[in-house]
Amino acid sequence: EFIASCEWQIYCEITEYVGNDTFFSIFVMAAIYGLLLASAYHLEKRLKKGGQRPVYSLSEVFAAGLIAAAVFFFSNLGFITRLIPLGSLHMDIYNSRTLVDLGGLAVLYAYQMRIEGLKAEKELASLQAGLQVQYDSYRNYQETLELMHMKFHDLKHHTLLLRQEQDPKRRDEHLNELERELTAFQPEKQTGNRVLDIILAGKSVRMKNLQIQFTCVADGSLLEQLHVTDICTIFGNALDNAIEYVALIPDPEKRIISMSLTRRKEFVFIEVSNYCEDRIELKDGLPVTTKKDRARHGYGVRSMAYAVHKYGGNITFEQRKGFFEVKILIPYSGT
């Protein structure tokens with residue numbers, strides 16, 4: 001209605017000077033409609049983030065509908081009755097309608113921007129919470145590993161003392177078994193990056209308990225340029241998502257996760273893949289969470305993408321040959 005009213009006003013003003021002509025009126029209408037619709041499209045396009053369309057709740061749509069209905073009602077009062085101070089001439093009524101419609105559009109756009117601002121604040125808070133969770137997990141793994149190293153060191157001394165005593169063969173067998181158990185608790189992955197080693201140690205214990213087969217080839221020295229929290233976010237979320245999925249597979253032989261961290265020319269290449277029987281839905285290049293409460297989940301993947309993009313990198317999700325793959329490329333700034 002605003003575009004139609006604005007076009008009519010401009011056309012009436014122009015025809016006072018150039019006269020009324022059918023082809024000219026069509027040209028003016030096409031020009032005004034094209035210009036204003038292009039402006040509206042540009043304003044709406046700015047609200048898309050990463051190609052994603054904004055999604056609104058029913059209450060937000062209902063509130064916007066009430067605003068639009070109220071604006072439409074007041075903008076057309078001049079055509080219903082002359083007992084309101086909107087002018088008595090036809091052009092005054094048209095002027096009032098155009099101004100009221102313009103004000104209504106401004107209110108709707110401001111309302112829309114406010115909604116998007118609140119959503120952005122909520123998403124940022126969720127991303128920060130996810131980052132903090134991964135970092136807290138890393139700190140817990142670090143403290144646990146340090147305690148395990150202390151116990152491991154102490155128990156090795158105990159076994160040496162026991163071996164010096166004159167004991168029967170059964171005690172020797174018991175000590176051998178104890179040594180094998182202690183060896184099993186030693187960190188298996190020595191990647192060259194302490195943060196990554198701690199993360200992998202913590203995840204490895206969890207995967208062993210869930211009977212998950214995990215293979216890893218990683219050069220941790222390539223992560224020197226990444227901040228601790230970003231390493232925790234990228235690898236923590238990628239492995240957690242893979243573990244959560246394969247843990248639900250009934251057949252332990254199919255619980256497979258692999259990870260690689262290598263250098264490809266001038267890039268750091270990270271790949272985490274897991275066996276996947278179901279079809280994973282992708283939306284705008286990101287996997288859609290399968291959890292019921294989608295409003296509170298899915299931020300792990302977004303936080304990974306946010307951490308990767310900080311370094312000018314790229315992250316892709318792909319499903320092929322029975323595996324779901326997360327692939328990350330980050331420009332390498334080391335030597």
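The exercises below work through the fold, the aromatic pairs and some single residues of a predicted model.

Residues are numbered from 1 along each chain as its sequence is written, and the model is predicted, so local features need pLDDT of at least 70, side-chain atom pairs count only at pLDDT 80 or more, and totals for chains, interfaces and linings use all residues. Side-chain values use heavy atoms, with hydrogens and water left out.

**Exercise 1. State how many helices and strands the chain has, and what share of its residues is buried.**

Step 1. Helices (H or I, at least four residues) and strands (E, at least two) are DSSP runs, numbered from the N terminus. The chain has nine helices and seven strands.

Step 2. Buried means under 20% relative accessible area, exposed means over 50%, and partly exposed lies in between (1.4 Å probe, protein chains only). Of the 335 residues in the chain, 33% are buried.

Step 3. A contact means heavy atoms within 4.5 Å. Among contacts between residues at least 6 apart in sequence, 67% join residues at least 24 apart.

**Exercise 2. Give the strand order of the open sheet and name its edge strands.**

Step 1. Two strands pair if DSSP finds at least two bridges between them. The open sheet consists of five strands in the order β1-β2-β3-β7-β6, with mixed pairing.

Step 2. β1 (213-218) and β6 (314-320) are the edge strands, since each pairs on one side only.

Step 3. From one strand to the next, the twist averages 10°; axes are lines fitted to C-alpha atoms, for helices over the stretch in contact, and angles run from 0 to 180 degrees between N-to-C directions.

Step 4. The pairing of β3 and β7 is antiparallel, over nine bridges, and F267 has P331 in β7 as its bridge partner. The pairing of β6 and β7 is also antiparallel, over seven bridges, and here N314 has L329 in β7 as its bridge partner.

**Exercise 3. Describe how helices α7 and α8 lie against the strands.**

Step 1. Helix α7 (residues 194-209) lies across β1 and β2 (256-264) and runs at about 165° to β1.

Step 2. Helix α8 (residues 228-246) packs on the sheet and touches β1, β2, β3 and β7, with its direction at about 15° to that of β3.

Step 3. N237 is a residue of helix α8 and counts as buried at 8% relative accessibility. Its side chain reaches the backbone oxygen of T233 at 2.8 Å. That distance can be set against the cut-off for a polar contact: a pair of N or O atoms within 3.5 Å, where within protein one must be able to donate a hydrogen and the other to accept it, and residues adjacent in sequence count only if both atoms are side-chain atoms.

**Exercise 4. Classify the ring pairs W8 with Y11 and Y275 with F323.**

Step 1. Rings of Phe, Tyr and Trp (its six-membered ring) pair if their centres lie within 6.5 Å; planes under 30 degrees apart count as stacked, over 60 as edge-to-face and the rest as tilted. The whole structure holds four aromatic pairs.

Step 2. The ring centres of W8 and Y11 are 6.0 Å apart and the planes are at 35°, so this pair is tilted. Both residues lie in helix α1 (residues 2-18), three residues apart, about one turn of the helix. W8 is partly exposed at 36%, whereas Y11 is buried at 9%.

Step 3. The ring centres of Y275 and F323 are 5.8 Å apart with planes at 85°, so this pair is edge-to-face. Y275 belongs to strand β3 (residues 267-275) and F323 to strand β7 (residues 323-331), so the pair ties together parts that are 48 residues apart in sequence. F323 is partly exposed, with a relative accessible area of 26%.

**Exercise 5. Locate K265 and K321, and give the phi of each.**

Step 1. Most residues other than glycine have a negative phi.

Step 2. K265 has a positive phi, near 55°. It is found in the loop between β2 and β3 and is exposed at 74%.

Step 3. K321 also has a positive phi, near 50°. It sits in the turn of the hairpin formed by β6 and β7, which has two residues between the strands, and is exposed at 79%.
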